Amino acid sequence: MSQGRPLRGFIAGTGGYLPARSVSNDELAAEKGLDTTDSWIVERTGIRRRHFAAPGETASAMGAAACRAALAQAGAGAADVDAVIVATATPDSAFPSTAARIQGALGVTQGFAFDIAAACTGFIYALSIADAMLRTGQARGILVVGTEIYSRILDWSDRGTCVLFGDGAGALFLRVATEAETSRGLLSTHLHADGRHGDILQVDGGAGSTGGTGVVRMAGREVFKHAVTKLAAAVDEALAAHGLDHDAVAWLVPHQANIRIIEAMGRKLHLPMDRVVVTVDRHANTSAASIPLALAEATRDGRIAEGDLVLMEAIGGGLTWGAALARF
Ligand code: COA
């Protein structure tokens with residue numbers, strides 16, 4: 001490493017995992033006895049299908065599978081991993097953390113592992129922490145993971161919410177950029193929270209709570225309004241931090257909650273939809289897993305290429321929201 005060269009998180013590998021079972025809107029309606037239609041769900045959300053974990057499947061097992069794929073793509077192994085940071089709202093248990101379980105499953109015996117909680121923004125938060133740790137030399141290789149099994153925290157009688165979510169996991173392997181890679185990697189992350197709006201998107205109950213049922217409760221219209229304004233501000237902030245205009249962006253990789261929110265962000269950035277990575281139609285909203293799953297898909301099929309500037313954004317319960325800029 002040359003003296004004085006700024007350290008930066010370089011995205012060395014991406015990986016995704018989806019449970020085998022894919023369920024269409026019609027199949028979901030029939031299975032859960034929902035008063036809904038495929039056309040209502042598609043028109044309002046763009047969602048056509050989602051994957052559901054098998055009964056014995058866990059967030060840690062899915063996350064470990066995504067990590068193995070990310071490490072393989074990076075040509076890295078357990079010895080290269082100093083830290084595992086997991087964003088999840090559906091941990092296997094309150095503790096050990098899902099990150100520690102993944103670390104164990106991968107056979108990593110050095111370094112540290114922990115979970116963070118920022119709901120659907122969790123991946124951007126985890127990315128930010130990982131990048132800061134790489135920049136300060138606290139670690140040299142970090143697995144950043146989003147893994148979720150929302151099918152276990154949904155109220156199947158709430159048709160306005162239960163049709164929106166799916167299960168899955170995604171991971172990135174980040175390592176310190178080498179001399180030749182200094183123009184690539186994470187440029188910056190921009191995090192926000194406003195706890196005053198916590199009750200419009202929440203899990204009511206869970207470990208340590210004094211009541212509730214442990215399922216997702218959402219005021220959909222309120223969340224939608226916050227999403228459009230807050231995400232627009234976050235992408236402006238990310239571009240302004242580097243003096244960049246929207247035309248510098250090669251790919252928008254948004255959190256996949258609703259196609260209407262995604263399209264609004266594409267319009268804001270003057271990006272045609274073929275420069276926006278969309279998985280919501282097949283995955284639904286996989287919360288913290290949605291961005292790394294989309295990255296895994298679009299780097300593997302060759303859409304995102306070396307040198308491309310990629311803008312990521314997400315909003316979720318908290319409220320939390322944020323954006324990240326990376327050059328691949
Ligand atoms: N099928 C059929 N009808 C449904 C339905 C479903 N699955 N879900 C709700 N409806 C009905 C409602 O009961 C309501 O009927 P009513 O007018 O007779 O009372 C009607 O559709 C409109 O409901 P509303 O909730 O106002 O719909 P909407 O146009 O706001 O769409 C969402 C609902 C959830 C799709 C939309 O608000 C949304 O996408 N919000 C953002 C959610 C999100 O992205 N959350 C995650 C952020 S990380």
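The model is predicted: local features need pLDDT of at least 70, side-chain atom pairs count only at pLDDT 80 or more, and totals for chains, interfaces and linings use all residues. Residues are numbered from 1 along each chain as its sequence is written, and side-chain values use heavy atoms, with hydrogens and water left out. The shell around the ligand draws at least three residues from each of domain 1 (9–181) and domain 2 (185–327). These domain bounds come from an automatic or database domain assignment.

**The ligand and its shell**

- The ligand is surrounded by 21 residues. A residue counts as near if one of its heavy atoms lies within 4 Å of the molecule.
- The closest residues are Thr36, Arg159, Gly220, Arg221 and Asn258.
- By type, the shell holds 10 nonpolar, seven polar and four charged residues. Here Ala, Val, Leu, Ile, Met, Phe, Trp, Tyr, Cys and Pro count as nonpolar, Asp, Glu, Lys and Arg as charged, and the others, Gly among them, as polar.
- Asn258 places a polar side-chain atom 2.6 Å from an oxygen atom of the ligand.
- Arg221 has a polar side-chain atom 3.0 Å from an oxygen atom of the ligand.
- Arg159 uses its backbone: a polar atom there is 3.0 Å from a nitrogen atom of the ligand.
- The ligand taken alone exposes 970 Å², and the protein buries 73% of that. Such areas come from the Shrake-Rupley method with a 1.4 Å probe; for residues, only the protein chains shown count as cover.
- Elements giving two or more residues to this shell are α2 (38–45), α6 (159–162) and α7 (220–240). Helices (H or I, at least four residues) and strands (E, at least two) are DSSP runs, numbered from the N terminus.
- Helix α7 gives the most, with four residues.

**An enclosed helix**

- Helix α10 spans residues 290–300, and nine of its 11 residues are buried, so it is largely enclosed by the rest of the structure. Buried means under 20% relative accessible area, exposed means over 50%, and partly exposed lies in between (1.4 Å probe, protein chains only).
- The buried residues of α10 include Ser290, Ile291, Pro292, Leu293 and Thr299.

**Annotated spans**

- UniProt, in an unreviewed entry, lists "domain: Beta-ketoacyl-[acyl-carrier-protein] synthase III N-terminal" at residues 114–195. UniProt positions are given in the numbering used here, feature names are shortened, and annotations may be inferred rather than shown by experiment.
- Residues 114–195 are 22% helix and 38% strand, with end C-alpha atoms 23 Å apart.
- UniProt also lists "domain: Beta-ketoacyl-[acyl-carrier-protein] synthase III C-terminal" at residues 239–327, again in an unreviewed entry.
- Residues 239–327 are 30% helix and 22% strand, and their end C-alpha atoms are 13 Å apart.

- Most residues other than glycine have a negative phi, and most peptide bonds are trans.
- Phe95 and Pro96 are joined by a cis peptide bond, with omega about 0 degrees. Pro96 sits in the loop between β4 (83–87) and α4 (98–106).
- Another cis peptide bond runs from Gly318 to Leu319, with omega near -15 degrees. Leu319 lies in the loop between β12 (309–316) and β13 (320–327).
- Ala119 has a positive phi, near 50 degrees. This residue is in the loop between β5 (112–116) and α5 (122–135). Ala119 is partly exposed, at 22% relative accessible area.
- His270 also has a positive phi, near 55 degrees. His270 belongs to the loop between α8 (259–268) and α9 (280–283). With a relative accessible area of 57%, His270 is exposed.

**Two buried residues**

- Thr121 is in the loop between β5 and α5. Its relative accessible area is 0%, so Thr121 is buried.
- The side chain of Thr121 makes a polar contact with the side chain of Thr320, at 2.7 Å. A polar contact is a pair of N or O atoms within 3.5 Å; within protein, one must be able to donate a hydrogen and the other to accept it, and residues adjacent in sequence count only if both atoms are side-chain atoms.
- Gly13 lies in strand β1 (residues 9–17). Gly13 is buried, with a relative accessible area of 0%.
- Gly13 and Gly198 are 185 residues apart along the chain, and their C-alpha atoms are separated by 34 Å.
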